[in-house]
Amino acid sequence: MVIIDYKEDFAYPDDGLDIHWYRRKSESNAYYITPHGHNHYEFFVITKGSILQILNSNSIELHLLDSQLIRPGDVHGFKLINKNEEVEHLNIGANEEVFISLCDTLGEEVFNTIQYSIENNQNLSTFFLEKEEFEYVNKLAKGIQNKAANNSRQINLIKAILIVFINSFYNHIINLDNQMPLWLRDLFIEINKPSNIAISSKDVYRIANYSSTMTNTYFKKYIGATVNKYLQSRKIDYAKNVLKTTNYSISEICETIGIKSTSYFNHMFVSATGLTPLKYRKLKNKQFL
């Protein structure tokens, strides 16, 4: 299977961003884009016609203004539903670092909510872009007339488009998650407040007023991870952002996120990223030079 590498395929690989229109007409219902994987995130919206999207072996019909999020590790391909029908979709991509950063502009909880919600329910990956949202996206996309490298205006336009998609998708997840018990929704909102970045598992169980076993059962069902795993992921995402944007020491970061042992933090960070915190900071700082 082909894995599309953003470093080779993106229009703006140095900025971790891509945007392109795809138009196709065929005399058959065969794949017009064969199944493939990505090492990046990609949104697309159907702007003309209808397609059959094959996502991780599931078939999904998509029509005008239907949209979808494809994550690293997903496998997808496209087929026509109606022969000889012209189809068109706008594709916009971001590498993981840029995607998380844009999620963070909408709220620290956004990326984790998106990630864990899809892992728990693959059907959540498909959503509908409202007409007003698409008109705004289309207006911005028309402002990107060429693919000149290092064009800051074009990069900002692509980021603005991505934020529209991310915000729409996040609202889609929140609105569809009506089955989540009210106590769990309130708990999830509480632990994702910026002021609660140092919260521990014991704190969560105390706030929930349920046993650790029951709380973890509900977390795994509705959020896709245990309480501890979710908190670790949130703390790591916070630390990654701090390492990229500040000169805070490792001990200062540990104090902020409620981890007493720097060696434990290092172990947790390496397990999540494959790099020590200091190597991560050095690598990311080089990328932004």
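This report describes strand pairing, helix packing and backbone angles in one predicted model.

Residues are numbered from 1 along each chain as its sequence is written, and side-chain values use heavy atoms, with hydrogens and water left out. In this predicted model, local features need pLDDT of at least 70 and side-chain atom pairs count only at pLDDT 80 or more, while totals for chains, interfaces and linings use all residues.

**Sheet and packed helix**

Helices (H or I, at least four residues) and strands (E, at least two) are DSSP runs, numbered from the N terminus. Two strands pair if DSSP finds at least two bridges between them. Strands of a sheet pair through backbone hydrogen bonds, either parallel or antiparallel.

An open sheet is formed by 5 strands in the order β2-β9-β4-β7-β10, with antiparallel pairing. Its edge strands, β2 (17–24) and β10 (126–128), each pair on one side only. On average, and with direction ignored, neighbouring strands of this sheet are turned by 20 degrees against each other. Such angles run from 0 to 180 degrees between N-to-C directions, and the axes are lines fitted to C-alpha atoms, for helices over the stretch in contact.

Helix α4 (residues 131–142) packs on this sheet and touches β2, β4 (41–48), β9 (87–94) and β10; contact means heavy atoms within 4.5 Å. The direction of α4 makes about 105 degrees with that of β2.

**Paired strands**

| Strand | Partner | Bridges |
|---|---|---|
| β7 (residues 66–70) | β10 | 3 bridges |
| β3 (residues 31–38) | β8 (residues 75–80) | 4 bridges |
| β5 (residues 51–55) | β8 | 5 bridges |

Asp-66 has Phe-128 in β10 as its bridge partner. In β8, Lys-79 stands opposite Tyr-31, and Phe-78 is the bridge partner of Gln-53.

**Buried residues and positive phi**

Buried means under 20% relative accessible area, exposed over 50%, and partly exposed in between (1.4 Å probe, protein chains only). In helix α2 (residues 96–106), the buried residues are Glu-97, Val-98, Phe-99, Ile-100, Leu-102 and Cys-103. Gly-107 follows α2 and has a positive phi, near 150 degrees.

Leu-65 is not a glycine, yet its phi is positive, about 70 degrees. This residue is found in the loop between β6 (58–62) and β7. Leu-65 is buried, with a relative accessible area of 10%.

Asn-209, also a residue other than glycine, has a positive phi near 65 degrees. Asn-209 lies in the loop between α7 (201–208) and α8 (212–222). With a relative accessible area of 67%, Asn-209 is exposed.
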